Amino acid sequence: MAASLRPLTMLRATAHAVTLLLLGLPLLAGLGALLPLALDKGLWQQVLAVPSLWHSLWLSAALALLSTLLVLLLTFALLAHGWQQPALRRLERALSPLLALPHVAFAVGLAFLLAPSGWLLRLPATLLGWSLPPDWQTLRDPLGMGLLLALLAKELPFLLLMALAALRRHEVMAQLTLGQSLGYAPAQLWWRLLLPALWPRLRLPLFAIAAYGCGVVDLPLLLGPDAPPVLAQRIWLWSQDADLALHPLAHLGAMLLLALSLLVLALLRAIEWLCCRGLRARQLDGRRRPALHRGWPGALVNLLIALNALVLLALLLWSLTRRWRFPALWPTEFTLSQWHEALPSALPLLGVTAAIALLVTLLGALWALLLLETGRASPIWPLWLLCLPLLLPQASLLLGLERALAQCGAEPSLLWVVWGQLLYVFPYLYLTLRGPWQAFDERLLIAARSLGASPIRAWWRIKLPLLARPLLAALAVGVAVSLAQYLPTLLLGGGRVVTLTTEAVAIGSGLDRRLAGLYGLLQLALPLAAFALAIWLPRRLNPLERSPC
């Protein structure tokens with residue numbers, strides 16, 4: 001008996017060591033490197049005296065909180081009013097392409113639509129006879145509406161995916177059937193009964209969305225606002241300034257951003273408590289309401305899909321455009337010269353980006369599988385701790401980690417880029433795999449071992465093929481998340497590691513729309529190929545996937 005438990009004990013010890021090394025060390029080093037600066041009163045006075053700093057703080061908190069609450073409200077509304085409707089099923093089928101479109105590529109395409117000379121204003125300009133773009137601040141507006149729209153469009157599919165994974169469909173259908181037999185409308189049952197129970201299960205993804213909204217840097221660089229910018233963008237500009245006197249302000253600003261993010265998370269928790277308490281108070285009032293019109297969920301789904309399609313079309317058109325005068329709705333001349341000129345330099349970047357994404361995803365998958373296999377009976381680490389990098393603003397953690405590496409004399413390199421990306425890829429892999437791994441029936445492995453198969457052979461021949469689909473889907477998610485890591489690549493690589501993402505942000509914030517469209521499309525190629533393989537390969541690996549039954 002002791003001999004059979006020895007391999008499991010060794011695996012658990014290995015899982016502990018790997019987690020402490022890859023997760024605990026950078027978290028402690030990054031936050032520990034910033035803490036001494038918090039004791040410098042003179043530095044605090046310099047930071048707080050920066051013009052319009054409080055406006056940046058308010059803007060960052062408002063955009064993060066508003067985007068998170070709107071995404072939650074839209075997700076709940078789609079579930080409550082679109083459950084078992086064609087619109088929601090259509091959106092479920094479109095989740096993979098929507099998630100495959102990187103944030104940076106989406107922001108570049110959205111900028112093509114929202115700009116004063118963009119596509120959305122060309123139609124009214126044509127009808128009204130305008131010959132010049134209007135002098136409107138539709139892009140980089142001071143309230144950050146473009147940034148808010150980008151956050152909503154990209155985070156809604158993610159939260160809907162998390163909500164669908166957290167729901168148990170057979171229990172939902174049983175509760176809906178029972179409630180309807182008592183005279184309640186399905187939407188009323190969702191709002192009163194199902195959604196208050198679902199909200200706590202979505203707490204971690206919601207916190208991740210809010211922390212991302214607080215600390216995102218690449219999207220504000222492309223969409224604004226920049227007069228003044230959000231706090232994360234301001235910190236980033238300080239850290240990259242040629243004036244070295246601004247670098248300590250950036251590090252202390254990272255601490256301020258961390259405090260702001262924690263405040264936003266606390267507000268989200270308070271709103272959850274108040275709303276769930278209010279909804280539970282109405283569960284037993286006995287009031288029945290007629291079913292509401294269900295046409296708007298389909299309109300919302302169509303709008304979301306159409307927005308992503310317009311973004312992709314704008315990227316494609318600008319990458320092929322030679323001349324596109326305002327207010328023409330269509331380019332007057334097309335050319336492939338931009339592709340011929342840019343591909344020789346872009347393809348090596350594509351190779352580097354793909355190699356980093358595959359390496360980070362495979363390492364993260366091995367790490368996640370190690371924790372899941374050794375924590376079947378009881379998890380080794382609490383879930384919130386494993387996902388802590390997602391709950392902290394990137395600028396805070398990575399600026400601290402960069403400072404800690406500099407204090408240790410470590411040079412920026414590809415190794416640190418892989419390590420930094422792994423901090424953010426691993427939690428998504430673990431969250432994606434956790435549900436299928438916990439739902440797997442371990443009796444199948446017991447039966448295989450009773451027939452003489454070794455534990456490794458039973459796992460390889462039974463468990464892995466049955467869980468190939470969620471594993472491949474998780475790998476595709478890992479590739480997409482790795483591709484989106486702008487700050488880890490730029491900060492920990494010191495500008496020496498150049499990927500499609502870093503180049504796309506640099507080009508997208510410039511004036512060359514043709515090159516920006518081309519790099520946006522190239523960014524889409526890797527995650528799209530990964531999701532396509534995740535859909536196609538399970539049917540080849542598992543014969544049961546090809547069964548018509």
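I began with Leu 313, which I found in helix 15, helices being DSSP runs of H or I with at least four residues, numbered from the N terminus. Leu 313 counts as partly exposed because its relative accessibility is 30%, where buried means under 20%, exposed over 50% and partly exposed in between, with a 1.4 Å probe and protein chains only.

The model is predicted, so I note that local features need pLDDT of at least 70 and side-chain atom pairs pLDDT 80 or more, while totals for chains, interfaces and linings use all residues. Residues are numbered from 1 along each chain as its sequence is written, and side-chain values use heavy atoms, without hydrogens and water.

Next I looked up His 251, which is found in helix 14 (residues 247-281). His 251 counts as buried, because its relative accessibility is 11%. Leaving aside residues up to four places away in sequence, I listed Leu 34, Leu 37, Leu 399 and Arg 403 as the residues that His 251 touches, contact meaning heavy atoms within 4.5 Å.

My last entry concerns the largest pocket, whose volume is about 1,400 Å³, a volume being the space filled by probe spheres set on grid points that are joined across faces, edges and corners. A pocket is an open set of points on a 1 Å grid over the protein atoms alone, where a 1.4 Å probe fits, with protein on both sides within 12 Å along at least five of seven lines, and lining residues have an atom within 4 Å of a point. I noted 35 lining residues, with Leu 161, Met 162, Ala 165, Thr 432 and Pro 436 nearest the centre of the largest pocket. Helix 20 gives the most to this lining, with seven residues.

Methods:
Helices (H or I, at least four residues) and strands (E, at least two) are DSSP runs, numbered from the N terminus.
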